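Please look over the sequence and the coordinates below before reading on. The briefing after them is arranged by topic, with the conventions stated where they are needed.

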Amino acid sequence: MTARSAAAASSLVLAGTLALAGCTGFYEIPIETPIQPKMDVTGFQRVLVAGFIGGGTEDVDANLETVRLLRSQLRTKSPLRVIEAEVLPLAEIANTEASRDNGTGITTSSAGVMPVGPIPTANVVNTPDPKAADPKADPKKNGESSIRNEKDLARFDKIFADVAYWKKLGEEYQSPLIVTGTVLFTPNQTSGFVMTNREVFDSLGRRSVVPVRTYMERKGFILQPRFVFIDGRTGAILYSETFHEEILYPQNQSVPALSTYFELMDRVIPSFLSTLSAQKIRGTRVLLK
Amino acid sequence: MRRLIFASVVVLIVSAAAPAVARADDRDKSKEQVEFGIRVAQNGLWNEALYRWKKAVELDPTYAAAWNNLAIAYEHEGKFEDAKKAYEKALELDPKNLMIRQNYDLFKEINDRTKRRSGK
């Protein structure tokens, strides 16, 4: 249940209670309950949404879209200043780091790995071939095409524990709070019986709606983002949280993958924001005389 | 002798009725605070309302409505522990009051969610 629907439901219940009570010595009043943030970010003035290891489908560039979305949300709904920097091709960087450590890359498609510097900066401009400098433009080149499920994603986990890497990145941007993580956006298909409402008319032409069990084939997506918050001063992980959201549409309904991605991210964003800043839950209470 | 008995009876009656009169007086004063608190809360002056309802429960600790309003003010301030205690006190005094129960249930939903988030 979303906060909005919960508020609507509670208002209805409240109205019902008031009607039941039928008394006069009460006053309905709107209140805003403050919820403290999950993390103490008072030590930071800036936030860097660095990049994500994305996978699941090639229809959406999960890394680029997630970074853009989080930055725009943080810009308006967080006290921290958002650093505008190039989006990190994190899967590729993880690959490079792993290759450096043990001489082999993480993915089987390591032929596509390009020797890039570990920390692209905001100042990188006027590169002769933008596609070559921006591996995210082609997910196949940065190892993300090989990420299909959580198991594939788990192989990249090491990068988040690489304190030296994140500390170095933090130094580059004056020790901000770094937001990174993984985003798995996978197609989902299912079939089975679901309850639907059907209009029926009786012999007198009166309309009514009855619930019926219908066999349906449905398709959609599952979104599993994991947000990792890293201290840019030390490179250490401060907090991490994983979400799971999914949506299914009737087989004949065509919904673009990107629309579905935003619809699912909309459900996650409030929780993400409440990690960093205090949120207020609006509700109604009854004052008594 | 009769006069003495009469005087004793009068003294007894007066002393027995005195606490009830005092209680009624306290309830009236408490009610004044509660009503003033409602007016200021409706104008968004929650700090003042909190102060008034605190006074109200001090004046009459058996006044369930005052405890209910105090709980709401604490909730508005984000003081969840204080709000919980005040709601529980209100319910203890008036367990059948549906409106206090409704307020408490709504508060509990938020409080439980906050506790889950902080892992407490």
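This is a predicted model: local features need pLDDT of at least 70, side-chain atom pairs count only at pLDDT 80 or more; totals for chains, interfaces and linings use all residues.

Residues are numbered from 1 along each chain as its sequence is written, and chains are lettered from A, with ligands numbered from 1, in the order in which they are written. Helices (H or I, at least four residues) and strands (E, at least two) are DSSP runs, numbered from the N terminus.

**The two chains**

- Chain A contains seven helices and eight strands, whereas chain B has five helices and zero strands, so that the pattern of chain B along the sequence reads α-α-α-α-α.
- Of the 289 residues in chain A, 47% are buried, and of the 120 residues in chain B, 38% are buried; buried means under 20% relative accessible area, exposed over 50%, and partly exposed in between, with a 1.4 Å probe and protein chains only.
- When contacts (heavy atoms within 4.5 Å) between residues at least 6 apart in sequence are taken, 73% of those in chain A join residues at least 24 apart, and the corresponding share in chain B is 43%.

**Strand pairing in chain A**

- Strands β4(A) and β5(A) run antiparallel and are joined by 25 bridges, where two strands pair if DSSP finds at least two bridges between them; within this pairing, A:N197 stands opposite A:P211 of β5(A).
- The hairpin of β4(A) and β5(A) has five residues between the strands, and A:G205 in its turn has a positive phi of about 85°.
- Strand β5 of chain A, residues 207-231, also pairs with β6 of chain A, residues 237-242, in the antiparallel sense over five bridges, with A:F229 having A:Y239 in β6(A) as its bridge partner and A:I230 standing opposite A:I237 in β6(A).
- β5(A) and β6(A) likewise form a hairpin with five residues between them, and A:G235 in the turn has a positive phi of about 85°.
- A further antiparallel pairing, over six bridges, links β5(A) to strand β7 of chain A, residues 245-250, and there A:R218 has A:P250 in β7(A) as its bridge partner.

**Helix packing**

- Two packed helices are described by the angle between their axes and the distance between the axes; the axes are lines fitted to C-alpha atoms, for helices over the stretch in contact, and angles run from 0 to 180 degrees between N-to-C directions.
- In chain A, the axes of helix α2 (residues 62-77) and helix α7 (residues 257-276) come within 10 Å and cross at roughly 45°, and α2(A) and α7(A) are therefore oblique to each other, given that angles under 35 degrees count as roughly parallel, over 145 as roughly antiparallel, 65 to 115 as roughly perpendicular and the rest as oblique.
- The crossing of α2(A) and α7(A) is right-handed; a crossing is left-handed if the near helix is turned anticlockwise from the far one by less than a right angle, and right-handed if clockwise.
- The residues of α2(A) in this contact include A:L69, A:L70 and A:L74, and those of α7(A) include A:F262, A:M265 and A:F272.
- By class, the contact of α2(A) with α7(A) has twelve nonpolar, two polar and two charged residues, where Ala, Val, Leu, Ile, Met, Phe, Trp, Tyr, Cys and Pro count as nonpolar, Asp, Glu, Lys and Arg as charged, and the others, Gly among them, as polar.
- In chain B, helix α2 (residues 46-59) and helix α3 (residues 64-77) pack at an angle of about 145° with their axes 9 Å apart, and their crossing is left-handed.
- Among the residues that meet there are B:W46, B:L50 and B:W53 in α2(B) and B:W67, B:L70 and B:I72 in α3(B), and the contact of α2(B) with α3(B) has eleven nonpolar, three polar and two charged residues.

**Individual residues in chain A**

- A:A91 lies in helix α3 of chain A, residues 90-102, and counts as buried at 0% relative accessibility; A:A91 and A:D157, which are 66 residues apart in sequence, are 10.0 Å apart in space, C-alpha to C-alpha.
- Most residues other than glycine have a negative phi.
- A:Q174, although not a glycine, has a positive phi of about 60°; A:Q174 is placed in the loop between α6 (163-172) and β4 (177-201) of chain A and counts as exposed at 58% relative accessibility.
- A:S175, also in the loop between α6 and β4 of chain A, is not a glycine either and has a positive phi of about 50°, while its relative accessible area of 29% makes A:S175 partly exposed.

Note on methods
Side-chain values use heavy atoms; hydrogens and water are left out.
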